[in-house]
Amino acid sequence: MGNLIGDQIARQISVVVNQAGTADLIANTNGNLRIRVIGYYITADAAETITFKSGTGGTALTGVLDIGAQGGVEHIEGMAPPGGYLFECAAGADLEVTQGGSANIDGWLLYELTPAHGDNTEGAGFGGTSTA
């Protein structure tokens, strides 16, 4: 289902997170689209750190997020303002989750694909300071 917001097509998609080690979480096969993360919830079975990145081995979109054993880092959809997002990848870039260790992480991530409009803004986040 898509929502038309101005000239942006916002299609919210959720993905299950289940990995042990650094991996591309979402593959972006369209160079004209950006992945915008709206919310996430991640837990780990042991102490772990993660960083969200734009592209494989690319630009960090977040700082290092600590996850305690049986703890969790949480950003629910309600934390991003309406029409906003937490962070976004460069146009055509995959979303990578880099782990500091090899703990099993689980959870979910809510994202949307939006047109890139030719700019190169990354990680503007929190409600549209991006020029996209």
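Are Glu88 and Arg34 buried or exposed? Both Glu88 and Arg34 are buried, where buried means under 20% relative accessible area, exposed over 50% and partly exposed in between, with a 1.4 Å probe and protein chains only. The close-ups below come from a predicted model, in which local features need pLDDT of at least 70, side-chain atom pairs count only at pLDDT 80 or more, and totals for chains, interfaces and linings use all residues. Residues are numbered from 1 along each chain as its sequence is written, and side-chain values use heavy atoms, with hydrogens and water left out.

**Close-up 1. Arg34, Arg36 and Glu88 are linked in a network of salt bridges.** The structure holds two salt bridges, a salt bridge being a side-chain nitrogen of Lys or Arg within 4 Å of a carboxyl oxygen of Asp or Glu. In one of them, Glu88 meets Arg34 with an N to O distance of 3.9 Å. Here Glu88 belongs to strand β10 (residues 87-88) and Arg34 to strand β5 (residues 33-44), 54 residues apart. Strands (E, at least two residues) and helices (H or I, at least four) are DSSP runs, numbered from the N terminus. Glu88 also forms a salt bridge with Arg36, and their closest N and O atoms are 2.6 Å apart. Because Glu88 lies in β10 and Arg36 in β5, this pair ties together parts that are 52 residues apart in sequence. Arg36 is buried, as is Glu88.

**Close-up 2. Asn28 sits in the loop between β4 (23-26) and β5.** Its relative accessibility is 11%, so Asn28 counts as buried. Take a look at Ala93: this residue is 65 places from Asn28 along the chain, and the two C-alpha atoms are separated by 5.8 Å. Leaving aside neighbours within four places in sequence, Asn28 is in contact (heavy atoms within 4.5 Å) with Leu33, Arg34, Ile35, Gly92, Ala93 and Asp94. A polar atom of the Asn28 side chain also lies 3.1 Å from the backbone nitrogen of Asn30.

**Close-up 3. Tyr40, Phe52 and Phe87 form one aromatic cluster.** Three aromatic pairs are found in a search of the whole structure; rings of Phe, Tyr and Trp (its six-membered ring) pair if their centres lie within 6.5 Å, and planes under 30 degrees apart count as stacked, over 60 as edge-to-face and the rest as tilted. The ring centres of Tyr40 and Phe52 are 4.9 Å apart with planes at 50°, so this pair is tilted. Tyr40 is in β5 and Phe52 in β6 (residues 48-54), 12 residues apart. Tyr40, at 2% relative accessibility, counts as buried, and so does Phe52 at 1%. Phe52 and Phe87 have ring centres 5.1 Å apart and planes at 40°, so they too make a tilted pair. Since Phe52 lies in β6 and Phe87 in β10, the pair ties together parts that are 35 residues apart in sequence. Phe87 counts as buried at 3% relative accessibility.

**Close-up 4. The largest nonpolar core has 28 residues.** Such a core is a set of buried Ala, Val, Leu, Ile, Met, Phe, Trp, Tyr and Cys residues joined through side-chain atoms within 4.5 Å. Those with the most contacts inside this core are Tyr40, Ile50, Phe52, Phe87, Leu95 and Leu109. Two or more residues each come from β3 (12-19), β4, β5, β6, β8 (65-67), β11 (95-99) and β12 (105-115). Strand β5 gives the largest share, six residues. In soluble globular proteins, nonpolar side chains tend to be buried together.

Definitions and conventions:
A polar contact is a pair of N or O atoms within 3.5 Å; within protein, one must be able to donate a hydrogen and the other to accept it, and residues adjacent in sequence count only if both atoms are side-chain atoms.
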